[in-house]
Amino acid sequence: MPIPGLNDLVRTAIRLHPAPGVPGPDESHFGGPLLWPSDEPWPECPVTWPPDPDASDDAWTGGHPLDEPVPAMVAAAQFFRDDFPELPFPEGTDVLQILFCPMGHDSPHHQGPAVRLVWRDSGEVRDIADEPPAPENAEAAYVPDPCVFEPCSIDELPRLCDFPAETRAALGIPEGSGDDPEGWPELDQYSKIGGWTAWDATDRHELGCRECGAELRQTIALASEEHEVGCGCEVAEGEAAGWSFRRQGVLNVFTCPADVTHPFKIRID
Ligand SMILES: [Zn+2]
Ligand SMILES: [Zn+2]
């Protein structure tokens, strides 16, 4: 008897394998220079009080007061479509840029840097802007060291909490049971594109799209540490990017499968 949803459980993730390097603005990287047009204002933190309507979809309890200077963001990552066609680039765009506000932010689901995603058409960038210096009181743990990538692909299976309800039912796994089946492969923590969420330190949270209700999907994982597990590649273990999210965790970006420009969510696990 076919088990509904079982074939969809395997997802191929792209492990990034960040390694210290000197990337240019026209390359994919962590923490290097962004292909940012000089005639476009450098982005500021989206988490302000009162709230900025452009902020990501987390219920922020606090923010930078609008009557004080709002911090400039720092370049966290850049991904070109030529390198990572697996990312859901909206039509007319070929580069994804991720920026952090490198200060502590608090919401019920998030303690860490504020995040912006910018999907851009690289062909429209003429002169490239210089990144402003990081804010003086930035948390060093949120300002990455430049890294290049040596990607590989790895097949992943989800934790039980990410099984679709009909798959659980067909497998006879009782509702509310949280333990993975015996012998189920472990899902490790590393920087990647796609794949599944490890839910290592935190419980699975509600991940519906605020705009359309679709279930948001694990899209990018930025790990505090890289470990030599799972894929067979030789890995320089440790903290390549130098960033550290709560208790050496992973900053996961969840996007809407119906439209990646719908509000995204961040969960640090
Ligand atoms: Zn901020
Ligand atoms: Zn949506």
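**Exercise 1.** Leaving aside its neighbours within four places in sequence, which residues is Leu96 in contact with?

*Solution.* Start by collecting the partners: Leu96 is in contact with Ala77, Gln78, Phe79, Leu87, Phe89, Leu117, Val118, Trp119 and Ile220, where contact means heavy atoms within 4.5 Å. A word on ground rules: this is a predicted model, where local features need pLDDT of at least 70 and side-chain atom pairs count only at pLDDT 80 or more, while totals for chains, interfaces and linings use all residues. Residues are numbered from 1 along each chain as its sequence is written, chains are lettered from A and ligands numbered from 1 in the order in which they are written, and side-chain values use heavy atoms, with hydrogens and water left out.

**Exercise 2.** Find the residues that touch the most other members of the largest nonpolar core, then say which strand gives the most to this core.

*Solution.* First, the rule: a nonpolar core is a set of buried Ala, Val, Leu, Ile, Met, Phe, Trp, Tyr and Cys residues joined through side-chain atoms within 4.5 Å; buried means under 20% relative accessible area with a 1.4 Å probe, protein chains only. Next, the largest core has 32 residues, and Phe30, Phe79, Leu96, Ile98, Phe100, Ile220 and Leu251 touch the most other members. Then look at the strands (DSSP E runs of at least two residues, numbered from the N terminus): S6 (74-80), S7 (95-107) and S8 (110-120) are among those that each supply at least two residues. S6 gives the most, with four residues. Finally, another core of 14 residues lies apart from this one, and Leu34, Trp36, Cys45 and Val70 are among its members.

**Exercise 3.** Why is strand S1 largely enclosed by the rest of the structure, and which strands pair with S1?

*Solution.* Count burial first: four of the five residues in S1 (residues 11-15) are buried, so the strand is largely enclosed. Now the partners, with pairing requiring at least two DSSP bridges. S10 (residues 152-156) runs antiparallel to S1 over five bridges, with Arg15 opposite Cys152. S11 (residues 192-193) is also antiparallel to S1, over two bridges, and here Ile14 stands opposite Ile193.

**Exercise 4.** Which ring does Arg15 lie over, and at what distance from the ring centre?

*Solution.* Apply the test: CZ of Arg (or NZ of Lys) must be within 6 Å of the ring centre and within 35 degrees of the ring normal. Arg15 lies over the face of Tyr190, 4.1 Å from the ring centre.

How values were computed
Buried < 20%, exposed > 50% of the residue type's maximum accessible area, 1.4 Å probe, protein only.
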